[in-house]
Amino acid sequence: MRLTRGATVFVAAVALVVAPAADAFAKDFDLTNAEIVVELQSDGSVLVTEHITFDFDGSFSGGFRDIPLRAGETIADIAVSEGPVSYALGGCTQLGCRDRAATYGTADLDDAARIVWHYAAFDEARTFTIVYRLVGLAVAYDDIVDVNLKVWGDEWREGLASL
């Protein structure tokens, strides 16, 4: 097929428009910091507060956290916030779903609890706080209480710069 001069200019113009558009949709994020506070409560439950900082490059609208649970362990009192903003329960929980910003949802998986939260971020760092209570994690013996908690595990696909 032979292109005329006008068709060649049109093809070149389309290539110039399409190439930057592909870059505009490129996105990535880094997990730059996680601060996790674990408190053993007088009732034997364990209160966990996670402050997780993401550095977003591009547009993002949702995050999730899978909390592994072993036989006999349950999770309760889940809350998500960002700074002074408390997220409202009721957001969708399917990975990749979109929902109103400042909402979250929870789902029971076979061996974990999933927490999915929704926000609107673009080229910025954001710190989300996830709070939950683990019941059945602490096991009391006559002379010791065993708390077997792995605060950061292989359920994360991204590396973490600071824990």
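A salt bridge here is a side-chain nitrogen of Lys or Arg within 4 Å of a carboxyl oxygen of Asp or Glu. These legends describe a predicted model, where local features need pLDDT of at least 70, side-chain atom pairs count only at pLDDT 80 or more, and totals for chains, interfaces and linings use all residues. Residues are numbered from 1 along each chain as its sequence is written, and side-chain values use heavy atoms, with hydrogens and water left out.

**View A. Arginine 100 pairs up with aspartate 99.** The closest N and O atoms of this salt bridge are 3.5 Å apart. Arginine 100 is exposed at a relative accessible area of 52%, while aspartate 99 counts as partly exposed at 29%. For these labels, buried means under 20% relative accessible area, exposed means over 50%, and partly exposed is in between (1.4 Å probe, protein chains only).

**View B. Glu82, Glu124 and Arg126 sit in one salt-bridge network.** Within it, glutamate 124 and arginine 126 have their closest N and O atoms 3.4 Å apart. Glutamate 124 is partly exposed, with a relative accessible area of 29%; arginine 126, at 14%, counts as buried. Side chains of opposite charge can pair when their charged atoms come close.

**View C. Aspartate 77 and arginine 133 meet in a salt bridge.** The N to O distance is 2.8 Å. This pair ties together distant parts of the chain: aspartate 77 belongs to strand E4 (residues 74-82) and arginine 133 to strand E9, 56 residues apart. Strands (E, at least two residues) are DSSP runs, numbered from the N terminus. How many salt bridges does a search of the whole structure find? It turns up 7.

**View D. Five strands make an open antiparallel sheet.** Reading across, the 5 strands run E1-E2-E9-E4-E5. Strands E1 (28-40) and E5 (85-86) are at the edges with a single partner strand each, so one side of each has no neighbour in the sheet. Two strands pair if DSSP finds at least two bridges between them.

**View E. Strand E2 runs antiparallel to both E1 and E9.** On one side, 12 bridges join E1 to E2, with valine 38 partnering valine 48 in E2. Next come the 10 bridges from E2 (residues 46-57) to E9 (residues 125-135). Here leucine 47 stands opposite arginine 133, and threonine 53 stands opposite threonine 127. Because 9 of its 12 residues are buried, E2 is largely enclosed by the rest of the structure.

**View F. Serine 61 makes a polar contact with arginine 98.** Serine 61 is in strand E3 (residues 59-68). Its side chain and that of arginine 98 come to 3.4 Å; a polar contact is a pair of N or O atoms within 3.5 Å, where within protein one must be able to donate a hydrogen and the other to accept it, and residues adjacent in sequence count only if both atoms are side-chain atoms. Leaving aside neighbours within four places in sequence, serine 61 is in contact (heavy atoms within 4.5 Å) with Arg98, Trp117, His118 and Tyr119.

Technical notes:
Helix = DSSP H or I, 4+ residues; strand = E, 2+ residues; numbered from the N terminus.
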